[in-house]
Amino acid sequence: MSKVDVLLGLQWGDEGKGKIVDVLTPKYDIIARFQGGPNAGHTLEFDGIKHVLHTIPSGIFRKDTLNIVGNGVVIDPVIFQKEIENLAQFNLPIKETLLISNKAHLILPTHRLLDAASEQAKGKSKIGSTLKGIGPTYMDKTGRNGLRVGDIFTSTFKEKYNALVEKHKGMLKHYEGFSYDIQELEPAFFEGIDLLKSLTTIDSEHFINQAMKEGKTILAEGAQGTLLDIDFGSYPFVTSSNTITAGTCTGLGVAPTKIGDVVGIFKAYCTRVGSGPFPTELHDEVGDEIRNAGGEFGATTGRPRRCGWIDLPALKYAIMINGASELSMMKSDVLDGFDEIKVCTHYIIDGKKVDYLPFDITDIEFKPVYESIKGWKTDTTQLTSFADAPQELKDYVSYLEKHLEVPIETVSVGPDRSQTLKNK
Ligand code: GDP
Ligand code: IMO
Ligand code: MG
């Protein structure tokens with residue numbers, strides 16, 4: 001009997017999950033997404049080509065790997081179709097290697113409209129949503145109104161769809177001055193539904209548990225990051241799913257006793273896209289330097305990402321919530337040119353030193369307390385072994401391991417598959 005390993009982000013998303021899942025895929029028979037939807041943008045780079053996936057798991061490029069879109073995921077048939085079309089050039093056996101849960105929920109065009117209307121109405125306090133309809137779709141799921149992939153095969157699907165759209169129209173009436181044209185959006189939606197019907201849909205909870213019985217190796221691929229988790233993130237500036245290890249259980253139908261290794265991944269610094277608190281955010285030229293060196297622009301929306309130094313209290317919190325058993329440090333090459341690297345060890349809140357994230361971090365004045373680390377000032381992107389890394393980079397990794405109390409097993413020094421160093 002095997003267990004399900006988990007790989008997820010410990011910060012505010014975009015840590016490099018797609019890259020590491022792609023690197024780890026040869027070790028696994030199955031890669032499974034368990035939550036989120038097309039708000040995610042997971043980038044993979046190999047053979048000089050860059051790919052961005054939104055809903056499809058990052059194991060899709062390896063022909064021997066099965067890729068499951070689990071019940072906890074929300075699927076927009078329109079975006080899904082585009083993703084599949086983008087993959088056509090690679091001649092992948094999608095019908096065999098991509099399996100979709102019957103219980104995954106569908107994002108309707110009106111969910112996207114509701115997301116946009118809600119954000120518009122919030123004005124300055126908007127979440128900074130990716131406007132992919134994520135919040136409204138999960139609301140319909142928990143509100144017990146949602147449509148699921150399995151529904152598309154029933155004769156009453158159109159009726160159910162129309163009933164939900166009517167409900168949404170009623171809700172949209174409450175947003176003054178929000179205009180829309182549903183008819184314009186529907187053809188693409190139903191084209192996407194037809195495509196979904198032609199793919200392989202399964203009862204993924206049975207499939208995965210059977211695969212475990214057969215000793216198959218399985219990796220669950222997280223989307224977003226721990227600080228965007230609906231329960232434990234910087235609420236209300238979060239996404240609408242459980243992005244943490246526990247989300248694997250509900251998003252795939254895997255019992256807690258069947259969770260294996262938990263790989264937590266983080267950037268050597270920190271970024272956030274969208275609104276909400278970010279204690280170590282830099283509003284100066286250092287922040288701009290990180291953004292430019294790291295190409296920190298959203299893979300899904302193209303928005304510039306907010307940048308800052310690494311935040312140890314937030315990382316320790318994320319490690320605790322997820323039970324991370326090993327870590328991967330990403331994008332350390334982005335700091336190659338820096339004389340000095342800062343690490344936030346504590347915050348000062350109301351004149352007091354605090355080393356954890358308080359209940360409501362939205363309205364508090366944070367003063368991050370930093371320790372300064374000497375930069376390595378060396379191009380690390382060509383390294384092939386961590387043993388050859390500059391001493392200052394090794395010291396940075398040891399410093400973080402000492403504080404985080406979990407081994408950093410992988411250090412990533414560039415976006416390509418090959419730019420990945422094993423530390424242990
Ligand atoms: P994800 O959402 O966690 O999969 O991350 P994204 O793909 O949204 O963002 C990570 C970005 O950093 C992508 O453009 C990756 O190609 C890139 N990337 C990943 N690892 C590294 C690395 O070690 N160094 C550099 N410079 N870029 C990286
Ligand atoms: P990956 O998987 C970074 C952010 C949005 C916004 C908030 C809510 O690529 O790491 P939503 O569309 O979910 O209602 O937006 O969450 N967000 C992400 N930020 N990476 C992501 O995914 C994100 N998915 C959502 O910017 O602040
Ligand atoms: Mg991303």
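Okay, so Gly41 counts as buried, because its relative accessibility is 11%. Buried here means under 20% relative accessible area, exposed means over 50%, and partly exposed is in between, using a 1.4 Å probe on the protein chains only. Asp14, at 21%, counts as partly exposed.

Quick housekeeping: this is a predicted model, where local features need pLDDT of at least 70, side-chain atom pairs count only at pLDDT 80 or more, and totals for chains, interfaces and linings use all residues. Residues are numbered from 1 along each chain as its sequence is written, chains are lettered from A and ligands numbered from 1 in the order in which they are written, and side-chain values use heavy atoms, with hydrogens and water left out.

So which residues coordinate the magnesium ion, ligand 3? Asp14, through OD, and Gly41, through O, at 2.1 to 2.2 Å. Donors are N, O and S atoms within 2.8 Å of the metal (3.2 Å for Na, K and Ca), and water is not among the atoms, so sites may look incomplete. Asp14 sits in the loop between strand 1 (4–9) and helix 1 (17–24), and Gly41 in the loop between strand 2 (30–33) and strand 3 (42–46), so the pair ties together parts 27 residues apart in sequence. Helices (H or I, at least four residues) and strands (E, at least two) are DSSP runs, numbered from the N terminus.

Next, the largest nonpolar core. That's a set of buried Ala, Val, Leu, Ile, Met, Phe, Trp, Tyr and Cys residues joined through side-chain atoms within 4.5 Å. This one has 56 residues, and those touching the most other members are Ile208, Phe266, Leu327, Met329, Leu335, Tyr396 and Leu400. Helix 12 (residues 391–404) gives the largest share, 6 residues. Apart from that core lies another, of 39 residues, including Phe46 and Leu92.

Zooming in on Met329: leaving aside neighbours within four places in sequence, its contacts (heavy atoms within 4.5 Å) include Phe266, Tyr396 and Leu400.

Last stop, helix 9, residues 245–252. How many of its 8 residues are buried? The count is 6, so the helix is mostly covered. Those buried residues are Thr245, Gly247, Thr248, Cys249, Gly251 and Leu252. Among the elements covering them are strand 1, strand 2, helix 8 (204–213) and strand 11 (259–267). And just after helix 9, Gly253 takes a positive phi of about 80°.
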